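This report covers a few backbone and side-chain features. Please look at the chain below before reading on.

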Amino acid sequence: MPSASEAEEEDDGMNDMNHEVMSLIWSQDLRVQEVRRLLQSSRPVRVNVVHLPEVSDHEYIEEKENKLLQLCQRTMALPVGRGLFTLFSHHPVLTEPLPIPKLNLTGRGPPRNTTVDLNSGNIDVPPNMTSWSSFHNGVAAGLKIAPASQVDSAWIAYNKPKNSELANEYAGFLMALGLNGHLTKLATLNIHDYLSKGHEMTSIGLVLGVSAAKLGTMDMSITRLLSIHIPALLPPTSTELDVPHNVQVAAVVGIGLVYQGTGHRRNAEVLLAEIGRPPGPEMEYCTDRESYSLAAGLALGMVCLGHGSNLTGMSDLNVPEQLYQYMVGGHRRSHSGINREKHKSPSYQIKEGDTINVDVTCPGATLALAMIYLKTNNRSIADWLRAPDTMFLLDFIKPEFLLLRTLARCLIMWEEILPNSEWINSNVPQIIQENIELSDDRPASEDLNMETLVQAHDYIIAGACMAVGFRFAGSANSDAFDCLYKFARTFMQCLSTSAASVTGHYNLQTCLSMVLLSLSMVMAGSGNLKVLQLCRFLHKKTSGEMNYGFHMAHHMALGLLFLGGGRYTLSTSNSAIAALLCALYPHFPAHSTDNRYHLQALRHLCVLAVEPRLLVPVDVDTSKPCYALLEVTYKESQWYEETTVELMAPAMLPELHLLKQLKVKGPRYWEISIDLNKGTQHLQSILSRDGMLYVKLRAGQLPYKDDPRGWQSLLAQNVNPRNPEVHSFKPEAISAFTSDAALVSFAEYFCKPAENLKHKKDVLALFSAILYECVTQENPEMLPTYIAIDQAVKRLQKKEACETFDLWQIKLVLEFCSCRVLQERLRAPQGKGLLLNSEFLPLMKCTADTTLDQWLYANSDVLHSYMGGQAHGESETNMLACFLVYHSIPTPAKMADVELEGAASFADLLLKFTRLGVPVRALLRLTPLLLKTTSRPFSNIMSCFPAF
């Protein structure tokens, strides 16, 4: 049986990662194991409290439980980061339920390892403390399921727990299935069954899940489902439904997801009004109004995403003007439309009068403007969002809203975002810069509030840092990283200095968390070590102002940094920016049940911004991931010229629309080139299938993992094929080049010396050289051709050739290899060589020429008789036929047509034989017979023409 520690490790929810790929990406250290340690929530935490002598046992137990309660705030925030780390890493078995790791909220106290529990009753524990953490745990488990997995409605229902205590986890599981696209397979009857139970968490997970699965489709069945949960979308005479507030918030965001980018007028009109929905009588719409208004603003921004001033059919709504009023305040406009009767009666509890409560409406309106005018570079709208430059106006704006305004303004002026400190500081108004730079803590004037100035400065800097994070998300841009890392370190230093008392620990911690998230956005999927060190440092801080929300932000940053185990990163498309704005809204919950300003479930929408861009070379012979050198060519842009860089894959590619060409570079692997000018569909399909690009190792080369510098390969030792070592090639080394069974067998039986082959060393040497050439030039299919040519020439030498077919084939090969086109290809720099490209062919040609010349010298009378049309002996017929075919000599009848008898010199013969198509090398051999110069030996004549 496995030990207890092993069993616990098996249940941490991170065992399905692709360790082969991760070991290639991060091969130098143990950062992946460290991330697993930081994100695991299935083991008890260590509760280390010193027992002072003056503290009683009862007080000591209370101290330990209070310490455990602090640690539990961190443990409950871990699943959000773990879901991002394990994203799309698991293919479930349909006959088994999905394992969900335990959320362990107990502790162990040293030195006796005693159990510390929160259920003892010694301290007050908030009710329903684990509801949302269980929901996040379910989402984290569901996000492990890869989109390509085979999931059906029966399996989804099969996972429903019988224990009601696990209902929250199942609710999160349903939302995760929507985020990875599997919830579309859930039967409508099951959806109705889940919603009719009235379980709040299940409704939230299901509503957001089905909306994410139908992103931008305007699906009518989902619209009807969402409308039931939004009173503003129901007819005025409809029955009042008791829909929980958080479900309404989820449904409003769902409308934005389903209608994303469509510019749907009806929904835009309703959502615009809902941003400023007033509180009603009898405590209607009076609690957590901020989260509902924010949800309506986010949804409106998604519906009109990137439309800018081109809001077709909405000119009468005055959308930007109305949003500006929600942002800065003013008199409330009267409601119009079918829902105006609902807002006639004022609230009996909240007295806002006729003015807009900007504390409620400002965040939603600000982000709605940012999303509607995203990347439009509309300066007039951006100027609305500029931070005030007078102290009087600064006093009217909460510092948190300055962060949102700065972020929104920068997202609109997308092209102006630069990854440097100067640009970030340029967003700070002059009045703040001048007074912050003073040496003492007192402002230059009594009218200036130093606390207000410092807080405004820090939040504006944090907003600009977030803009850099959005602009360079997933790019691993070194300038953006250096800039953001500098500001992160600055905020960390401020936390430990006297400046923290002016700004406030909570404000500094908020700014630090947002800068850390921005860093992780830029370095998403890269596993950068410096960012990991920051996350680990903040992971250890559990006291003071460090609450549940800050832990959630830090571990989201850690999850983004190792997104999907390094396989995924973030996109900067409009849809991705919208999803990230929903997920990374810069106000995190104060405790585990806090949804006042932002619904916790929306934190998981960052999955919609994820895209696979890791390219993993896979050896086609071993089917295992390997290293390969890539050459990536960027298109020319306004920032840089066409640029080519080299990457060692597995590597995260830039966004595909930025690339011109991708090439697997030699010399170890055969080159593969993908031209992205013709479209990115082919590369996208590769990346969507786990990014596996199959590559073929060249013969004699070793993988980069085994031979990083290339000094151990067999070809490095025998670099020159003309080296004498080639001829003494050891057949035992064939396994270093190929695993082909036929070639290995050939080396075993034809290249090794044996008792019966001792006298045929030349044959063994020839076969070894042929084999070496085939495997080193990656032409194993040419081995039979080499052998056939050799056998044909040997039969000719022994005068055993009974037919001329083999000589016809040899002639064809020789003519092909000597043609002009092929010679030009060989001389070209990028030209490809021959299939037979060694000294083998000249050697065979020389042997055949010598054999036939010797036959001619001994049997010239046979050829003379043939040319004169006379009878000749049958014993030499086969060799005569070989000679005639090899030298392309025509029949006697054709030669009689050119009147050879009158020829008196070689020049006359050359002129006449050219008309017959006889090559010069053949004519040289016929000249002694035709001119009757037999007194001069034939070999002496041929020596005058060595080129032939």
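Helices and strands here are DSSP runs, helices of at least four residues (H or I) and strands of at least two (E), numbered from the N terminus. The model is predicted.

Ser623 is found in the loop between β6 (614–619) and β7 (628–634). Its phi is positive, about 60 degrees, although Ser623 is not a glycine.

Asp690 also is not a glycine, and has a positive phi of about 60 degrees. Asp690 sits in the loop between α28 (681–688) and β12 (692–695). With a relative accessible area of 37%, Asp690 is classed as partly exposed, because that class covers values between the 20% limit for buried and the 50% limit for exposed.

## Cis peptide bonds

Pro110 and Pro111 are joined by a cis peptide bond with omega of about 5 degrees. Pro111 belongs to the loop between β2 (107–109) and β3 (114–116).

A cis peptide bond also runs from Ala649 to Pro650, where omega is near 10 degrees. Pro650 is placed in the loop between β8 (643–649) and β9 (651–652).

Ser571 lies in the loop between β4 (568–570) and α27 (574–583). Is Ser571 buried or exposed? Its relative accessibility is 9%, so Ser571 counts as buried, the cut-off being under 20%.

The side chain of Ser571 reaches the backbone nitrogen of Ser573 at 3.1 Å. Leaving aside residues up to four places away in sequence, Ser571 touches Ala473, Ala576, Ala609, Glu611, Arg613 and Glu655.

Definitions and conventions: Residues are numbered from 1 along each chain as its sequence is written. This is a predicted model: local features need pLDDT of at least 70, side-chain atom pairs count only at pLDDT 80 or more; totals for chains, interfaces and linings use all residues. Side-chain values use heavy atoms; hydrogens and water are left out. Buried means under 20% relative accessible area, exposed over 50%, partly exposed in between (1.4 Å probe, protein chains only). A polar contact is a pair of N or O atoms within 3.5 Å; within protein, one must be able to donate a hydrogen and the other to accept it, and residues adjacent in sequence count only if both atoms are side-chain atoms. Contact means heavy atoms within 4.5 Å.
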